[in-house]
Structure formats: structure tokens, C-alpha cells
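Welcome, and take a moment to look around before reading on. The paragraphs below are meant as a friendly walk through what you see.

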Amino acid sequence: MNFDLTEERQMLQDTLRRFLRDNQEALRASTRLGESDNKLGFDAEIWAKLAELGVIGALFSEDDGGFGGAGFDLSTVFEELGRAGVVEPLLDSAVLGGGLIAALGNETQKELVEAVIGGTVHLALAHGEPNSRYDLSHVETTARAAGDNIVLSGRKAVVVNGEAADYLLISARESGASDAQDGISLFLVPRDTAGLSLRGYPLLAGGRAAEMDLDDLHLPASARLGAAGAAYPALHRAMMRAEVALAAETLGAMETATELTREYLLTRQQFGRPIGSFQALQHRMATLLIELEQARSAVINAAGHLDTGPEEQALQIAAARNLIGRAGRLVAEESIQLHGGIAMTEEYELAHIAKRIVMADHRFGDTDTQLERFLDLSAA
Amino acid sequence: MDLNYSAEEQAFRSEVQDFLAQKLPAEMADAVRNGKELGKEGHDKWHAILNDQGWLAPNWPKEFGGCEWNAVQRHIFEEECCRANAPRIVPFGLSMLAPVLQKFGSKAQQDHYLPRILSGEDWWCQGYSEPGAGSDLASLKTRAVRNGDHYVVNGQKTWTTLGQYANWIFCLVRTDPDAKQQSGISFLLIDMDTPGIEVRPIILLDGTHEVNEVWFTDVKVPVENLVGEENKGWTYAKYLLTHERTNIAGVGFSRAGLEAVKRMARSQMHRGRPLIENAHFAARVARAEIDLMAMSTTNLRIISRAAAGQAPGVESSMLKVKGTEIRQEINDLARRAASAYALPFVSEALEGGNEPAMGPEGSAAAAPQYFNNRKLSIFGGSNEIQKNIIAKVKLGGGA
């Protein structure tokens, strides 16, 4: 047993934490960029520096041109990003976009992975649809052959980082029923391709996403990633990695929320003494700290099983995200309540952090969906 | 024990329903149902419709132009307004200041201010909380120093709801800094156009501009704007708080919210079935509904005692805690139902613009409302303060 980070990961954590602390102001400004005319929704300079520091490379294995890529590499990076409330879309561009190209792409397509690691290319996964909810195999968007071309038609929902992406990875069905795992393909599509229209908007917790219409989008067959109709297993694996990253990010945000709350309880005076001296509040703070350690262990379980067999991996990840969904909600709500009005203001850091925690539950499967997955996998 | 409304009460309910069917503009109800902001114009419009009907002031005595309805009638009215998605009545003038003026104000103050509240000429806001005086309101520091025929006010108020629309503010100010905390406070009416007043917006975590800071720098307030006696303001403030507690349970809001959640959950598919049929989600909805059924009866028990002339005791604190917990739980259900469509922040859709909302009806407002309504357990005496009150009454001693 050894729960310490390796020396390399410890260095990565230290470097990233220092960088994020030193760039606090730019990062805070970045949380609001989604609402401005900046269609990136994040800070391009911060992005370039993250690439330069090797933070993006740490998310990829050596085979794929990176120098990490294991579960604990993901959790180390994303915990730090979460602590600082970073909205820069590493999850979407690198873990999902880059990860899927690395898994499915041919040699030419894989050249993009190097550019992602270098910070010069942005990606987004266009998979969710208005009717898919959290069901990974539900794809109504169709891909049909037309001569040498493939034609995509359908609609994609809440495509995070869609407008900033140079390439979109679009899922579409080549065969099978709308919820079948077989028959789904992924296509690598330059954003400015005719027939692809995006309606972008800011996200409540920072960053941007877009609704995407595919209106007879013509693609060469070479745009397909991997074999026809066989993308589901890779999608599932990429999603497992993204869930570990998101769980770690939420853990990091929970750390910041509890730390801000602890500091506030020690300094805020009412009735002539610090409010942290009231036992009623002390016990609630203690509960948050207990749940935070539960969350930390859940992330360790999930990250540690990312490279084990598929059943155990999925079970551990569903368990972690269910626990973090519950503990995260408690930490977000109680941190706001223990602060009082100040935490309701946009300018106070906790407001942004609380939104990151709660809104994470709306990606890839919420607390209840994770519970269902856990029950299904336990019964199997 | 009779759980039914009387024939008179039922007839009154029909009358309210008819009025709402005829007079509540459909676009206004739509806006409320979708969680859109009404702005000053929208609020003024609904205010005027109610005033024309003579139903603007349910709690006022008839001599001042009110309905003088009893607690049960008021409850029925509020319940039907919520069910019809009528806008909330801005309470600061009508149900907070007015009862204080009616009880403690001078004849001149009553004659001047009360008609202007009904006509909508004056929009009042509340100057209570300060940066250093939240739960511990009595520690407030805003100073009013008597100087001949006026007071000079200096200090800062915060969390002033809709202060950006207000032309008047009622304030708690410290007039005797040497007295014991509660004893040195006075209740002042201040014209927001007086030189030295500055209103600064506070943007909340859902992006809304709902509350403000109000700064006072050497603001001259005529002495006739003092309500009641100098240094007795705390008594009036406590009286006001008992009025703030009417409809504290928010049963109508919860009912409307629960209906909206069910509508959304019927329209959303989860694993090939409507979400409302999903066991986990349905159980969450059922628990909230069961809590609400019991809480609404607690509410009626207290209301019917109030209608019989008994003052509510710790029960109003209990209702505040339980009522806000249930409303917050329903907000949580709404964001869950919206799934990924809870993520977008589409302010145009919230502000009544033409940009079409994405996702199912109600999804755009779900997450912003969830975050905004964290305030419910913080304001009006935080839920911790309510529990202190309950514990102090039942256990005695230091709470």
C-alpha cells in the first residue's frame, strides 16, 4: 500500500498549483469570458501556457505522444484545475477529443494529437443529443453513404467547446436502432464545413457550448475515425477517462469550497465572536470535512481502476461519481449557507466554485444515473 | 377537526380563480412560469391590475383601503395566484412598511404614504442588513445624528432587494450609540433622491441584479420622517418581521414548482421511458410531494389559528425552515430533470428576449433558480436563526 503520488506526479502537482496560483487573476477573468464576445470562452494565453508546462501532455500516454495518461495522471491534473476553478476545456479538447483520436485515428488523423498536446489545436466531442439524456448509446443523428461521400443529418446538444474547436468529433449512426451500441461511428469534421451550423452560448459555470445542426453535411469517407459503426467501445473508454477527470476536478473544487468556508467561519464576527465558535456550525463544518475525505477516496478508487478490467472499472467509476454527486451537492450548498449572503455574490470565489461542483453533475450522467449504472453492474 | 374549506371559503376561491382567469395577462403568466424576470414595468402593471380590483392589500384594514381578509382568505388568494403563475407582489411597501405605519406611524405619515403605496407612486425598499450586521441585525452601525429639524445619516446598507427601482427606503439606523444594542435604534423613512445616497448593484451568482448596496454620506432626513419614537425602532422592526412571516411557508410556490418539475419529467426520456417513470427520480419527487402535503397542513393549522386571533409562536420559525427546505429541494429536482440542458446560461431567454430557449420548457431557468434560491434559507432570518428561536423557546437559556 502506498497512497503517495510518484515523484513525477508530485512535481506536476506542484508546478500546476504554483502556475494556477500565480495566474489567479487571469483565471478568474477567464470564468467570465464565456459571456463576452470572446467566442473561445476561455483565455488563449493560459491555454498556451498550460500546454507549455506539459499539462496537456500529462493526459496522454507515451505511445500517443504524451508522458502520462494513466488514471492518477488525470486525477492529479484535474484536481488542481478544480481547486482553481479553471474553465479552460482540457476535458473536452484533450481527454475526450484528443483521447478519441488517439484511440481510433489512423496515422494521418493522429497527427492532430500532437497539435492538441502542443496547444495549437482545439477539439470538441459532439455526441449528446436533445433526446439522449445521459445514455451513451443513444444516437439519432444519421450517417448515410452517397457515392464516395458520407452525409450526416441530425442535431447535437450542448457541445462544450464547440465554437472554439478547430475540429469536431461528431457521432452518427450508420446502422441499428437509435439506442444500439453497434452502428455508431465518429467523424472528424473541420468546424467550418458546409452544412454544420453552431449556435453558441455561455455556460452557467463558465466556458461555452453550442447547439449544432447537421444539415446534409457531406464528408469524404476518410473523415471517419476507425471502422464503420464500431466507435462505441472507444467512446465508452473515453467517457470512463472523462468521468475520472471530472470526479477529480469536482474533488478539487470541493477542497476550495471547504477551505474558503473554514476561513470564513474563523474570521466572520456576529454576536461579538467568530461564527466558527458556534457549535451548531462547527458540527456542520466537521461533516463537510468528513465528506471531503470520502470524496478523495472515491477519486482514488476511480483513478486506480481506470486501467483494470472493464466491469470493475465501470463499477468503481459509477460509485465515485455517485458519491461525489451527493457529497458535492452537500459541500456546495452548505458552504454557501455557512457563509450567508456573501457567497451568493458573483464576485466571491465560492459562487463560481459552487457552480462548478453542482453543474459537474450534469455531465456524462448525474448522481441518479450513476446509481443506476452501479446497480446494473453489481447485478451483472 | 374538519379538513375542508367552508362554503364561503370555497366561494371566495372561485371568485379569485375567475379574476385571475380574466385579468392575469397570459404573457405575464408565461414569463413567471418560465422563470423570466419581469422588471419594474411588469411589476407595476400587475400592481395596477390588483389595485383596480381592490385586491392589492389583502392584509390592510379597510379604513386604509385594504381587503381586511382573514388569514384563510389570504392563504387562498396566495395559493390561487401561485397556481395561476401570477407575479409575486413586491412586499416591501405593501406588507412590510404599511403594517408598521398603520400601527406606529403618525396620522400625517399614514395619510401621505399609504395611498402612494397603493397607487404605485412609491416603490419602497428595505434598509436593514449591513455588511457587518446580518444574522446579528442589532449590531447595525448606520448612524443618524439629530441636527435641528433633520437627521444626518451616514453608513451602508446591503442586500437591498430591488433597490434599483425604489424611490423610498425604510431604514434601521443607530440614534443612540451608547445605549444597549437594541435600544439605540430608530426607524427612518428616507427619500432615495436625497443627495448623498448611492445605490450600487450586487450581481448574484445566477447573474441577476436583484440586490444592491445603498451608501449614505451625510444624507439629510427631515425629523418628520421618523416613525414612532426615537430609539424604539427595534420594536417596530420586530413587528414588521412578524408580518414578513406571513406566507413564509411558500406553499403556493412549491406547488407550482412541483408541477413544473413533473411537466418537464414527463417530456424527458430516460432509458427509453419518460423520466417521471424512472424509479429514482420518481422517488425524489414523491418525497418532496409528501413533505409538502404535510407542511401545507401545518401551514393551514397555523393560519386557522391566526384567523381566530392567536399570534403564531415558534411555528412560524418551523414553517420558514421546512418551507424553504422544500422549495430548495424542488429547485434541485428541476435542474436534475433538465439534465445537460441545465448547463447553458442563456440570459436572453431569462430576460424575456426573442432568443429561443434550448431544451425542455423550464430547463433554461432551472439551474439559475436553484442557485438563486439558496437565498431562501439565508434571508428573512437565516434558518440557523430560526432554529435558535425554536431552541430558545423550547430549551430556554442561551440559544
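Predicted model: local features only at pLDDT ≥ 70, side-chain atom pairs only at ≥ 80, totals over all residues.

Residues are numbered from 1 along each chain as its sequence is written, while chains are lettered from A and ligands numbered from 1 in the order in which they are written.

Let us start with chain B, which has 13 helices and ten strands; helices (H or I, at least four residues) and strands (E, at least two) are DSSP runs, numbered from the N terminus. The radius of gyration of chain B is 22 Å, close to the 21 Å from the globule rule for 399 residues, so chain B is as compact as a globular protein of that length. Here the radius is taken over C-alpha atoms, and the rule is 2.2 Å times the number of residues to the power 0.38. Along its principal axes, the C-alpha trace of chain B spans about 75 × 50 × 50 Å. Of its 399 residues, 43% count as buried, a term that requires 20 or more other C-beta atoms within 10 Å of a residue's own, with 12 or fewer making it exposed, anything in between partly exposed, and C-beta atoms placed from the backbone.

Now turn to chain A, where the axes of helix α7 (residues 232-267) and helix α10 (residues 349-360) come within 9 Å and cross at roughly 145°. Axes are lines fitted to C-alpha atoms, for helices over the stretch in contact, and angles run from 0 to 180 degrees between N-to-C directions. Among the residues that meet are A:L246 and A:L260 in α7(A), and A:L350 and A:I357 in α10(A); contact means that C-beta atoms, placed from the backbone, lie within 7 Å.

A:H339 lies in helix α9 (residues 310-339) of chain A. This residue touches A:T261, A:Y264 and A:L350, leaving aside residues up to four places away in sequence. A:H339 counts as buried because it has 23 C-beta neighbours inside 10 Å.

Finally, consider the backbone angle phi. Most residues other than glycine have a negative phi. Yet A:V158, found in strand β3 (residues 149-160) of chain A, has a positive phi of about 45° although it is not a glycine. A:V158 is buried, with 26 other C-beta atoms within 10 Å.

Notes: Contact = placed C-beta atoms within 7 Å.
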